[in-house]
Amino acid sequence: MKPRFQRNEMVQYKGSIARFQSWLFDIIAVDTSTGTQPYYELRDPVWGVRLGRVRESSLRGPHDQ
């Protein structure tokens, strides 16, 4: 499956970790080796917080409504 987002894009986190919901993150890695939905590694540009193995369905990009 082709990833919707690419490395260095900024996305909004909409996943299950309430503390980080709606934070903006830079994508620092994309893992497509699973064969299904891609996983992303994210980093907050201000605080440096990292989230690993985030599903594509937990992200919202600038082109999403």
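E41 is partly exposed, with a relative accessible area of 29%; the classes are buried under 20%, exposed over 50% and partly exposed in between, using a 1.4 Å probe and protein chains only. The model is predicted, so local features need pLDDT of at least 70 and side-chain atom pairs count only at pLDDT 80 or more, whereas totals for chains, interfaces and linings use all residues. Residues are numbered from 1 along each chain as its sequence is written, and side-chain values use heavy atoms, with hydrogens and water left out.

**Salt bridges**

- E41 forms a salt bridge with R50, with 3.4 Å between the closest N and O atoms; the term denotes a side-chain nitrogen of Lys or Arg within 4 Å of a carboxyl oxygen of Asp or Glu.
- R50 is exposed, at 54% relative accessibility.
- The count by this rule is three salt bridges.
- D64 pairs with R4 in a salt bridge whose closest N and O atoms are 2.5 Å apart. Because D64 lies in the segment after β5 and R4 in the segment before β1, this pair ties together parts that are 60 residues apart in sequence.
- Both partners are partly exposed: D64 has a relative accessible area of 23%, and R4 has a relative accessibility of 36%.
- R53 forms a salt bridge with D31, the closest N and O atoms lying 3.4 Å apart. R53 belongs to strand β4 and D31 to strand β2, so the pair ties together parts that are 22 residues apart in sequence.
- D31 is partly exposed at 27% relative accessible area, whereas R53 is exposed at 52%.

**Sheet**

- Five strands form an open sheet in the order β4-β3-β2-β1-β5, with antiparallel pairing. Strands are DSSP runs of E with at least two residues, numbered from the N terminus, and two strands pair if DSSP finds at least two bridges between them.
- β4 and β5 (59-60) stand at the edges with a single partner strand each, so one side of each has no neighbour in the sheet.
- The antiparallel strands β2 and β3 are joined by five bridges. L42 in β3 is the bridge partner of I27.

**Nonpolar core**

- The largest nonpolar core has eleven residues: F5, V11, Y13, F20, F25, I27, Y40, L42, L51, V54 and L59. Such a core is a set of buried Ala, Val, Leu, Ile, Met, Phe, Trp, Tyr and Cys residues joined through side-chain atoms within 4.5 Å.
- At least two residues of this core come from each of β1, β2 (24-31), β3 and β4.
- L42, located in strand β3 (residues 39-43), is buried with a relative accessible area of 0%.
- Not counting residues up to four places away in sequence, L42 touches residues including V11, Y13, F25, I27, L51, V54 and L59; contact means heavy atoms within 4.5 Å.
- F5 touches V11, I27, Y40, L59 and D64, among others, with residues up to four places away in sequence not counted.
- L42 and S16 are 26 residues apart in sequence, and their C-alpha atoms are 15 Å apart in space.

**Backbone phi values**

- Most residues other than glycine have a negative phi.
- N8, not a glycine, has a positive phi of about 75°. N8 is found in the segment before β1 (10-13) and counts as exposed at 63% relative accessibility.
- R53, also a residue other than glycine, has a positive phi near 55°. The place of R53 is in strand β4 (residues 50-55).

Definitions and conventions: Helices (H or I, at least four residues) and strands (E, at least two) are DSSP runs, numbered from the N terminus.
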